[in-house]
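The explanation below is meant to be read beside the model.

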Amino acid sequence: MAKEIKTIAVLTSGGDAPGMNAAIRAVVRTAIYRGVKVKGVKKGYNGLLNEDIIDMEPRNVSDIIQRGGTVLGTARCLEFKKKEYQEKAAEICRKHGIDGIVVIGGDGSYRGAQALSRQGINAIGIPGTIDLDIACTEYTIGFDTAVNTAMEAIDKVKDTSSSHERCSIIEVMGRHAGYIALWCGVANGAEDILLPENYDYNEQEIINHIIESRKKGKIHHLIINAEGIGHSTSMAKRIEAATGIETRATILGYMQRGGSPTARDRYYASIMGSYAVDILLEGKTNRVVGYRYGEFTDFGIEEALQMQKDIDRYQYDVARILTI
Ligand code: ADP
Ligand code: F6P
């Protein structure tokens, strides 16, 4: 028989993402609506180990749905990979009467949730990362806001780049994943898109493309470069030297991770927060919430971590076709 859940906790872990607050709000209010107590754990697994735990009431999450970041704070906690700290965390949960926990974060954070689950604390993950790099779900909290923030910034750089007939390299976030770069590449009409998943470091090809585009009458050349490839400033210098065309690099950086979440991020985060509580109350554990084929669903963490996701070749090719 599934254990009765009387008190749950919620924490955010890993990189923050716009929309995490909407998820926290949904977890708190759904749990209270269902007659369950809720605690907020500050600063990820660090806060759990330090017993930085507060009671959450519906009014604690008033007026946060529109705010970027996470009101609970977040952190990376390397100690949590060790079994002794996972056991300690489970002990702390029991001490505070926490029967179940909702972890909002990326796949690293799910491994922490999996560890807690193994230690007897029911745990459910919610995908929170601007990178969109979680294979079991078509949506991750924060991606929509981040990609819109980046798109608006790139539009502005493109204006000045066109006026000066320059080439622009714009570096967007994504250390291992190129989804922000791909989406901006299409949405901003970039001539070249460099993704960590498939870039072959053939700079001569980019140089040839710039020269060809100029001959065809293009007055600017926009290159979206993902953070995982990096080196945008030195790349700009080499391209300028090889083409004779003024080239500038702009690194958008952390602005992409902040700001007020879009309607889509608020909506999906709210539904996922409620969904996580509801499956926790059904007695489920060691699972992660996802959105697939038009439906909210959930997967075992083990299975979710084994799934693979790659850049869609057709979508990548379309980006290039549309800039002829
Ligand atoms: P994300 O959740 O965004 O992928 P990280 O990979 O940095 O971010 O993971 C966030 C946190 O999750 C880590 O700092 C650590 O506390 C916890 N974590 C990551 N990997 C593991 C693991 N193998 N076992 C237990 N906890 C982990
Ligand atoms: O949140 C995702 C992300 O922006 C990745 O693209 C990047 O690899 C990472 O976070 C960098 O985060 P930090 O500098 O906070 O470790």
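The following paragraphs treat the domains, the strands and the ligand site in turn.

This is a predicted model, in which local features need pLDDT of at least 70 and side-chain atom pairs count only at pLDDT 80 or more, while totals for chains, interfaces and linings use all residues. Residues are numbered from 1 along each chain as its sequence is written, chains are lettered from A and ligands numbered from 1 in the order in which they are written, and side-chain values use heavy atoms, with hydrogens and water left out.

The protein is divided into domain 1 (7-142 + 261-306) and domain 2 (146-257); these bounds come from an automatic or database domain assignment. The centres of the two domains, taken over C-alpha atoms, are separated by 35 Å. Contact between them (heavy atoms within 4.5 Å) involves 11 residues of domain 1 and 9 residues of domain 2.

An open sheet of 4 strands has the order β7-β8-β6-β9 and parallel pairing. Strands (E, at least two residues) and helices (H or I, at least four) are DSSP runs numbered from the N terminus, and two strands pair if DSSP finds at least two bridges between them. Because β7 (192-194) and β9 (247-251) each have a single partner strand, these edge strands leave one side without a neighbour in the sheet. From one strand to the next, the twist averages 15°. Strand β6 (residues 167-172) is joined to β9 by 5 bridges, and Ser 168 has Arg 248 as its bridge partner in β9. Across β6, β8 (221-226) and β9 lies helix α5 (residues 143-163), running at about 165° to β6; such angles run from 0 to 180 degrees between N-to-C directions, with axes fitted to C-alpha atoms, for helices over the stretch in contact.

Elsewhere, strand β5 (residues 122-127) runs parallel to strand β10 (residues 287-292), joined by 2 bridges. Strand β10 also pairs with strand β11 (residues 295-300), in the antiparallel sense over 6 bridges. Arg 287 of β10 stands opposite Ile 124 and has Gly 300 as its bridge partner in β11.

The residues around ligand 2 (a heavy atom within 4 Å) include Arg 76, Gly 174, Glu 227 and Tyr 254. Polar contacts are pairs of N or O atoms within 3.5 Å. An oxygen atom of ligand 2 lies 2.9 Å from a polar side-chain atom of Arg 76, and a polar side-chain atom of Tyr 254 lies 2.3 Å from an oxygen atom of the ligand. Of the 400 Å² of accessible area that ligand 2 has on its own, the protein covers 82%, by the Shrake-Rupley method with a 1.4 Å probe.

Conventions
A polar contact is a pair of N or O atoms within 3.5 Å; within protein, one must be able to donate a hydrogen and the other to accept it, and residues adjacent in sequence count only if both atoms are side-chain atoms.
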